[in-house]
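Here is a quick tour of the model you have on screen. Have a look at it first, then read on.

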Amino acid sequence: MSTLTIDSVTKEYGEVTALDDVSFEIDDEFVVLLGESGAGKSTLLRCINGLTEPTDGDIRLDGDSITRSNAAVGMIFQQHNLVEGLSAFANALTGSLNEWSTVRTLLQQQDEATKTRALEALETVGLLEEAHQRVSQMSGGQQQRVGIARAMVQDPTFVLADEPVASLDPSSAESVMGYLKKAADLHEVSALVSLHQVNIAAHFGERFIGLRDGELMFDATPDELTPALVDDLYGNVETVALSEERTTESTTESEAVEAPL
Amino acid sequence: MSSDSSPISRLQTYLGIGDRAGSPVDRKLQDLKRRKAVRRLWFGLGVVLFAAMMNWSLSLVGFSLAELNRQFPEFVEALTGYFPPTTYFGIPFIDVVQYWQFMIEAELFAASQMTIAIALAGTALGLPGALFFGIMASERVVPYPFNFAFRATMSVIRAIPAIVWVLILIPLGGVGPFTATLAITIDTAGYLGRLFTDELEEIEDGPIEGIRSTGANKSQIISFGMLSQVFRQFLAWIAFDLEHNVRVAITLGVIGAGGLGLELNIQRRTFNYTEMMACIILVVLLAGSVELLSQRLRSYLREDDSEQTGVLEAFVTAPRKIVQSGMGRR
């Protein structure tokens, strides 16, 4: 149970303004962040994670300002950013690095409870049997699931995901999103997930935030997310498929969310 | 233009420096000819410069074919010393028994062990230094102006060859294997450290950010985010450096630091060419087998392992598994 507050955050890279006075608050929800490439989605997520510092404004998690990366905010990257030479288990364990000294982590001397936690996280994403396998030998979808497990081992209060399924095929993308939703529900953490695929976004999101040119364009509930709104965000792209299907699907959506689990 | 028959204008056409007239295609053709002429001019200049420098070098070193011609009979005589002829069942061949006898008599195998010991101990003792300087010299670990202090230290170490380090350290350890080991230790810190630094410059940002995002501390970011990416490469470079240090240890032996090189030099001074060749054969075998082992190790590390279950396969992959177990890959 956590509250993330984005308070008039601005981020400038030299002349370029990546984020322009963005404000919103997230309270125990699974929120999807939409927008074109370059709209500022990644910058916003990196600011929340402390990988980048905003030029102006404040980001607070449960009232505390976030100034640097810490375990309370878990991050899932598009390119998963795992340690490829290590096993899935060792990668999941890296989520607990901040709890242990460097020497103990290097010798893999974490206590039994931490190791169990790592295996449980892998079980949540359906990779318990593969825990000993090297990450470099896994498929893209499996690697991303290890990334989810690592974020969960951090025992975060908030999870971020930066286009977690952008480089996956449609079927893997759906199952990875399913696992992400499941993990977030299980650990009772709020999530902010940036996505390109409007279909997947509409399917999993509980709330939608649209960014355009660094500015907040909309903050919508599933009912408010209309094709017109999406068209507006992406500037009338004909192939963005949030057409009639969604309106017919929206009645059965509550069941559909559970389906891939 | 080609209809113009005067030699000068033909030359101008050939070099592409004539009138710029005609269709775009003609003009481009002329342009290309001019570019070719310029290229050839530079190439010609390069050849002349090289010839001048070569001439200077040869005269400085006193290179003389007449000298070669004069000394050649002596060298041929020495060759019969290097490769003593004999006959086996009437077939002329090299008398390998002589080599073998000398190897046993002069305890050359013990000398080889000394050479290996110098190289191994020197590499192992130099490794912590190489790791320290190699990591600290990386711009990813220590920010720009400060990492140069470590880079510069390694440059100075490398600028002084191992053989000179021995001379410097003689007051400390005397002339012998101990000093040679110290020299190789220092040499390894500068040489292997530099290889580590170069390897670290190539790593990707992704895994580093991945580890950073978990709230890990600086040394954890370095070891899990950075060093984990280059672990295999580091092992391969260590194997390569051990190989290099065996050769260095032989060289150091020649100036008196013990081992095979020392024996080699003793035989050279006494003009015992057959015994000298026996030493050289062992040098080749020693350096060759260390290189072979290091190559095998490095190719093991490069291969992506797939799970193997056979007894024979388990035996073959044992070295790799031993190495990997050090990294907690299980």
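## A hairpin in chain A

In the hairpin of S9(A) and S10(A), two residues sit between the strands, and A:Asp213 takes a positive phi near 50°. Strand S9 covers residues 207–212 of chain A and strand S10 residues 215–220; they pair in the antiparallel sense over five bridges. A:Arg212 stands opposite A:Glu215 in S10(A).

A word on terms: two strands pair if DSSP finds at least two bridges between them. Helices (H or I, at least four residues) and strands (E, at least two) are DSSP runs, numbered from the N terminus.

## Ground rules

This is a predicted model, where local features need pLDDT of at least 70 and side-chain atom pairs count only at pLDDT 80 or more, while totals for chains, interfaces and linings use all residues. Residues are numbered from 1 along each chain as its sequence is written, and chains are lettered from A and ligands numbered from 1 in the order in which they are written.

## The sheet of chain A

Chain A also has an open sheet of four strands, in the order S2-S1-S4-S5, with antiparallel pairing. Its edge strands are S2 (16–27) and S5 (64–65), each pairing on one side only. Helix H1 (residues 41–49) of chain A packs on the sheet and touches S1, S2 and S4 (56–61). The direction of H1 makes about 60° with that of S2(A) (axes are lines fitted to C-alpha atoms, for helices over the stretch in contact, and angles run from 0 to 180 degrees between N-to-C directions).

Strand S1 (residues 3–13) of chain A pairs with S2(A) over eight bridges, in the antiparallel sense. There, A:Val9 has A:Val22 in S2(A) as its bridge partner.

## Where the chains meet

How many residues of chain B are in contact with chain A? There are 22, and they meet 28 residues of chain A (in contact means C-beta atoms, placed from the backbone, within 7 Å). H10(B) gives the most to this side of chain B, with seven residues.

## Inside chain B

B:Ala249 lies in helix H10 of chain B. Is B:Ala249 buried or exposed? B:Ala249 counts as buried because 32 other C-beta atoms lie within 10 Å (the cut-offs are 20 or more for buried, 12 or fewer for exposed, and partly exposed in between, with C-beta atoms placed from the backbone). Leaving aside neighbours within four places in sequence, its contacts include B:Thr115, B:Ile118 and B:Gly259.

Technical notes:
Two residues are in contact if their C-beta atoms, placed from the backbone, lie within 7 Å.
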